[in-house]
Amino acid sequence: MVRNVDQASQAPGRGASLGLPAEGPGSLASFTSRAGGYVIDALLSAAIAWAFSAPEPPGNASLLVFVVLTSVSLMAFGQSPGHRLMGLRLAHPTPLARLAPWRAVARTLLLVLLVPALITDADGRGLHDRLTKTAVVRV
């Protein structure tokens, strides 16, 4: 049988290579929802840093707050505040396993660079997720 790649019904679903469903809970999050979560986390980090530096702008202190806030919340809850508000969570490569601290910290440090988040694979996962073997999924 010849496969017609143009037909959407024959294309593998996003996340199929990871064993994730194509739609619904547990499916890969879209780029826009992941970006929305990032913006929420960045604004929250800037607000927290500004609260300690006011009336001066927080400068790079907001990056430090972002790293701590995101890493700690990922380790403790499996989602950052932005993920929570967007209905997302970080999936560990092993189902029902707790996220290793090194994965949360490494992923967050790569995310601070921003470029790894913009380089995506066929499933739409960012480079920072591929390197740490994680995926952002819908709750």
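Me: Is Leu127 buried, partly exposed or exposed?
Reply: In this predicted model, Leu127 sits in helix α6, which spans residues 127-131. Its relative accessible area is 30%. Buried would need a value under 20% and exposed one over 50%. Leu127 therefore counts as partly exposed.

Me: Which residues form a nonpolar patch on the surface, and what is their accessible area together?
Reply: Leu127 belongs to this patch.

Me: How many salt bridges does the structure hold?
Reply: One of them pairs Arg138 with Glu23. Asp121 forms a salt bridge with Arg125 and also one with Arg130. For the structure, the count of salt bridges is four.

Me: How many residues apart in sequence are the parts that the pair Arg138 and Glu23 ties together?
Reply: Arg138 and Glu23 form a salt bridge, with the closest N and O atoms 3.4 Å apart. Arg138 lies in strand β2 (residues 135-138), while Glu23 is in the segment before α1 (31-53), so the pair links parts whose separation in sequence is 115 residues.

Me: Is Glu23 buried or exposed?
Reply: Arg138, the partner of Glu23 in the salt bridge, is partly exposed at 27% relative accessible area. For Glu23 the relative accessible area is 62%. The cut-off for exposed is over 50%, so Glu23 is exposed.

Me: Is Asp121 buried or exposed?
Reply: The relative accessibility of Asp121 is 17%. Buried means under 20%, so this residue falls on that side of the cut-off. Asp121 counts as buried.

Me: Which residues do salt bridges that share partners join into one network?
Reply: Asp121 meets Arg125 in a salt bridge at 3.7 Å, N to O. Arg125 is buried, with a relative accessible area of 12%. Asp121 also bridges to Arg130, where the closest N and O atoms are 3.3 Å apart, and Arg130 is partly exposed at 44% relative accessibility. The network is made up of Asp121, Arg125 and Arg130.

Me: How far apart in space are Ala106 and Pro21, C-alpha to C-alpha?
Reply: Ala106 is placed in helix α4 (residues 101-112) and counts as partly exposed at 25% relative accessibility. In sequence, Ala106 and Pro21 are 85 residues apart. In space, their C-alpha to C-alpha distance is 26 Å.

Definitions and conventions:
Residues numbered from 1 in each chain as written. Predicted model: local features only at pLDDT ≥ 70, side-chain atom pairs only at ≥ 80, totals over all residues. Heavy atoms only, no water. Helix = DSSP H or I, 4+ residues; strand = E, 2+ residues; numbered from the N terminus. Buried < 20%, exposed > 50% of the residue type's maximum accessible area, 1.4 Å probe, protein only. Patch = residues over 30% accessible without salt bridge, like charges linked within 9 Å, V, L, I, M, F, W, Y side chains within 5 Å. Areas by Shrake-Rupley, 256 points an atom, 1.4 Å probe, with all protein chains shown as cover. Salt bridge = Lys/Arg side-chain N within 4 Å of Asp/Glu carboxyl O.
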